[in-house]
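Me: Hi! Could you walk me through this structure, piece by piece?

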Amino acid sequence: MTNHTNIVFEGVNKAYDDNVILHDINFEIEKGKFYTLLGPSGCGKTTILRLIAGFTDVTEGSIKINDQIVNDISPNKRKVNTIFQDYALFPHMNVFDNIAFGLSLKKLPKSEIEAKVKNALKMVQLSGYENREIREMSGGQQQRVAIARAIVNEPEVLLLDEPLSALDLKLRTDMQYELRELQRRLGITFIFVTHDQEEALAMSDWIFVMDKGKIVQSGTPVDIYDEPINRFVADFIGESNIIAGTMVEDYKVKMVGKEFECEDAGITPGERIEVVIRPEDLELTTVEKGKLVVNVDSQLFRGVHYEIIGYDKDGNEWMVHSTKKAVIGQDIGLYFTPHDIHVMRLGETEEEFDARLESYEA
Ligand SMILES: Nc1ncnc2c1ncn2[C@@H]1O[C@H](COP(=O)(O)OP(=O)(O)O)[C@@H](O)[C@H]1O
Ligand SMILES: [Mg+2]
């Protein structure tokens, strides 16, 4: 552990009565980075935030903030602030009073409160909005007031629980940029919760992918996208083709009755595996030039590319993203390189997965 470490979970379990909802959660959060907890509804994301904030207790394990075990430290003594999904602004107060609320409770001098609120408003680009009523503001502006109210307390860590999920797509994308910018400018640790994989990929320095109360994979967006650990992650993060296969030997897999070169090693020959190929890594070509042949079943124009669905001779479904158009009912060739093939072992743990990748990657 270094002095850059902010938050550490060690063997954290959480149960309500007999219902275990977090299983052996371990992670280290470094200062000043943008982290995302990503996973489907009900996987335990909010519970992790509540544990960090101190709104609920661990059943087992320990939580450290800045090297201090905080299991028994009350929420107001943790240098952590939370932005909830519904912002929880006070509708009967104006912008200034909403942001100043926490500082007034601490009985800071009036001039200091004013200076801090002004500064917070500047950070979220709402200078001059002090006297506006909350209900006069748009969704995006309310979002920024909620952020200002949180950062005015100068937290070391900001917890954001799906703060963009109520916004429409355009505003949501704008706010993604703004939040990311704000995090860089403030240099404080953000722990952001979302069930939206595109949002997580676009915003994060580091993602924890969760499933059923466990962290199943953690890494940079590129790592997780390029090397999903299992079918759940591959399916959840982006579109993927997942095909059953067998490891022939190091750097060679077999699927759809053919052998292909790949870049994966360290797997027992003969082991049943799954192969992932991303739709954008497949190149549409002639039957002769294709490494595999599929029969085109359907096609949609997606603005930048066509999304083509076809089936190989074994009945596997293949999705291709291509700027070229296909003809429904015809056979087409699919071309890909060894680099486009990603091999997943069934039931591999994250430790095993990381060790294997390290063993043959430069
Ligand atoms: N106070 C509680 N009492 C009992 N069960 C709870 C409580 N809070 C959350 N849960 C359960 O824990 C699981 C995880 O919830 P949550 O952390 O809110 O998931 P997420 O934020 O990923 O959607 C869910 O099955 C939920 O029903
Ligand atoms: Mg939640």
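Reply: Happy to! Let's start with a term: domain bounds here come from an automatic or database domain assignment. For this chain, that assignment gives domain 1 (5–226), domain 2 (240–280 + 337–362) and domain 3 (283–335). This is a predicted model, where local features need pLDDT of at least 70, side-chain atom pairs count only at pLDDT 80 or more, and totals for chains, interfaces and linings use all residues. Residues are numbered from 1 along each chain as its sequence is written, while chains are lettered from A and ligands numbered from 1 in the order in which they are written.

Me: How many residues do domain 2 and domain 3 each put into their contact?

Reply: Domain 2 gives 6 residues and domain 3 gives 10 residues. Two residues are in contact if their C-beta atoms, placed from the backbone, lie within 7 Å. The centres of the two domains, taken over C-alpha atoms, are 22 Å apart.

Me: And what classes of residue are on the domain 2 side?

Reply: The side of domain 2 that touches domain 3 has 4 nonpolar, 1 polar and 1 charged residues. Here Ala, Val, Leu, Ile, Met, Phe, Trp, Tyr, Cys and Pro count as nonpolar, Asp, Glu, Lys and Arg as charged, and the others, Gly among them, as polar.

Me: Zooming out, how many helices and strands are there?

Reply: The chain has 9 helices and 20 strands. Both are DSSP runs numbered from the N terminus: helices are H or I with at least four residues, strands are E with at least two. The C-alpha trace spans about 80 × 45 × 40 Å along its principal axes.

Me: What share of the chain is buried?

Reply: Buried residues make up 35% of the 362 residues. A residue is buried if 20 or more other C-beta atoms lie within 10 Å of its own, exposed if 12 or fewer, and partly exposed in between, with C-beta atoms placed from the backbone.

Me: New topic: which residues surround ligand 1?

Reply: The shell is Tyr16, Ile21, Gly39, Ser41, Gly42, Cys43, Gly44, Lys45, Thr46 and Thr47. To be near the molecule, a residue needs its C-beta atom, placed from the backbone, within 6 Å of it. By class, the shell divides into 3 nonpolar, 6 polar and 1 charged. Helix 1 (residues 45–53) supplies the largest share, 3 residues.

Me: What about strand 6: which of its residues are buried?

Reply: In strand 6 (residues 80–83), Val80 and Thr82 are buried on one side, and Asn81 and Ile83 on the other. Strand 6 pairs with strand 7 in the parallel sense over 4 bridges. Valine 80 has valine 157 in strand 7 as its bridge partner.

Me: And helix 2, what covers its buried residues?

Reply: The cover includes helix 3 (110–123) and helix 4 (139–151). The buried residues in helix 2 (residues 95–105) are Val95, Asn98, Ile99, Ala100 and Leu103. Just after helix 2, lysine 107 takes a positive phi of about 60 degrees.

Me: Is glutamate 162 buried or exposed?

Reply: Glutamate 162 counts as buried because it has 20 C-beta neighbours inside 10 Å. Glutamate 162 lies in the loop between strand 7 (157–161) and helix 5 (169–186).

Terms used:
Pairing = 2+ DSSP bridges.
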